[in-house]
Amino acid sequence: MKYCLCFVILCLLAALSCARANLPSDAVAPRDRTLVVWAHSDIQPNDPFEKIQYETAVRDIGTLPFVPDAAIVAGDLVHRLDSQTYWDWMKGLRVKTKIPLWFEIAGNHDLNDYGSYRRNSGKPRHYAVRCGNILFIFLSDEIRSAITEISDAAFEWWKDLVVNNRDSIIVTVS
């Protein structure tokens, strides 16, 4: 499901355009170029082979004739309770992409060490970012289970954002 969501987000964003802006931006950006976002999820390497797969993806991003404006990681960045080694590895790879903005949510595996997720991502459990007329809403998993679960309070927060931003293009990452 996450792969499908990421693919849909990527297709939607590829079709939309807005100026390169420092996110978040409250101004509607002129539509003179395409906003490019690298959306992916489920990195969570368990062994060196799985690290190689993500390192290859980062190298592939580096071969593009442009640098994406932002990256979205839709959860499950790490798998283990002792995740700092993996965070350090990912941060090193992020620098290589030259992508200026990274947004992520905590997936069910990240909840194994949520404190590490918070320290390393610097992101709250739920947040929103605006780029021109596009509103990205990020909802992290709240319960360690096989399905994404959010609280009633988080749902109400999301619903209020959607209702109060009907004139925006809304992309939810959950």
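Biologist: Is strand E2 mostly covered or mostly open, and how many of its residues are buried?

Modeller: Buried means under 20% relative accessible area. This is a predicted model, so read what follows as a prediction. Strand E2 spans residues 70–74 and is mostly covered. Five of its five residues are buried.

Biologist: Which residues of E2 lie on each side?

Modeller: Take the two faces in turn. Ala70, Ile72 and Ala74 sit on one side. Ala71 and Val73 sit on the other. Both faces of E2 are covered.

Biologist: In what sense do E1 and E2 pair, and over how many bridges?

Modeller: Two strands count as a pair if there are at least two bridges between them. Strand E1, residues 37–40, pairs with E2 in the parallel sense. Four bridges link them.

Biologist: Which residue of E2 does His40 stand opposite?

Modeller: Look across to Val73 in E2. Val73 is also one of the buried residues of that strand.

Biologist: Now the helices. How do the axes of H2 and H3 cross?

Modeller: Start with distance and angle. H2 covers residues 48–62, and H3 covers residues 84–97. Their axes come within 9 Å and cross at roughly 20°. Angles under 35 degrees count as roughly parallel, so H2 is roughly parallel to H3. The crossing of H2 past H3 is right-handed.

Biologist: Which residues make the contact between H2 and H3?

Modeller: From H2 come Lys51, Tyr54, Glu55, Val58 and Ile61. H3 supplies Tyr86, Trp89, Leu93, Lys96 and Thr97. By class, the residues of this contact are six nonpolar, one polar and three charged.

Biologist: Where does Ser116 lie, and is Ser116 buried or exposed?

Modeller: Ser116 is in helix H4, residues 114–121. Its relative accessibility is 1%, so Ser116 counts as buried.

Biologist: What does Ser116 touch?

Modeller: Set aside residues up to four places away in sequence. Ser116 then touches Ser83, Gln84 and Trp87.

Biologist: Where is Thr148, and why does Thr148 count as partly exposed?

Modeller: Find the loop between strand E5 (134–139) and helix H5 (152–164); Thr148 lies there. Thr148 has 36% relative accessibility, so it counts as partly exposed.

Biologist: Which residues is Thr148 in contact with?

Modeller: Leave aside its neighbours within four places in sequence. Thr148 is in contact with Asp141 and Ser174.

Biologist: How many residues apart in sequence are Thr148 and Gly107, and what separates them in space?

Modeller: In sequence, they are 41 residues apart. In space, C-alpha to C-alpha, Thr148 and Gly107 are 7.5 Å apart.

Key:
Residues are numbered from 1 along each chain as its sequence is written. This is a predicted model: local features need pLDDT of at least 70, side-chain atom pairs count only at pLDDT 80 or more; totals for chains, interfaces and linings use all residues. Side-chain values use heavy atoms; hydrogens and water are left out. Axes are lines fitted to C-alpha atoms, for helices over the stretch in contact, and angles run from 0 to 180 degrees between N-to-C directions. Helices (H or I, at least four residues) and strands (E, at least two) are DSSP runs, numbered from the N terminus. Angles under 35 degrees count as roughly parallel, over 145 as roughly antiparallel, 65 to 115 as roughly perpendicular and the rest as oblique. A crossing is left-handed if the near helix is turned anticlockwise from the far one by less than a right angle, and right-handed if clockwise. Contact means heavy atoms within 4.5 Å. Ala, Val, Leu, Ile, Met, Phe, Trp, Tyr, Cys and Pro count as nonpolar, Asp, Glu, Lys and Arg as charged, and the others, Gly among them, as polar. Buried means under 20% relative accessible area, exposed over 50%, partly exposed in between (1.4 Å probe, protein chains only).
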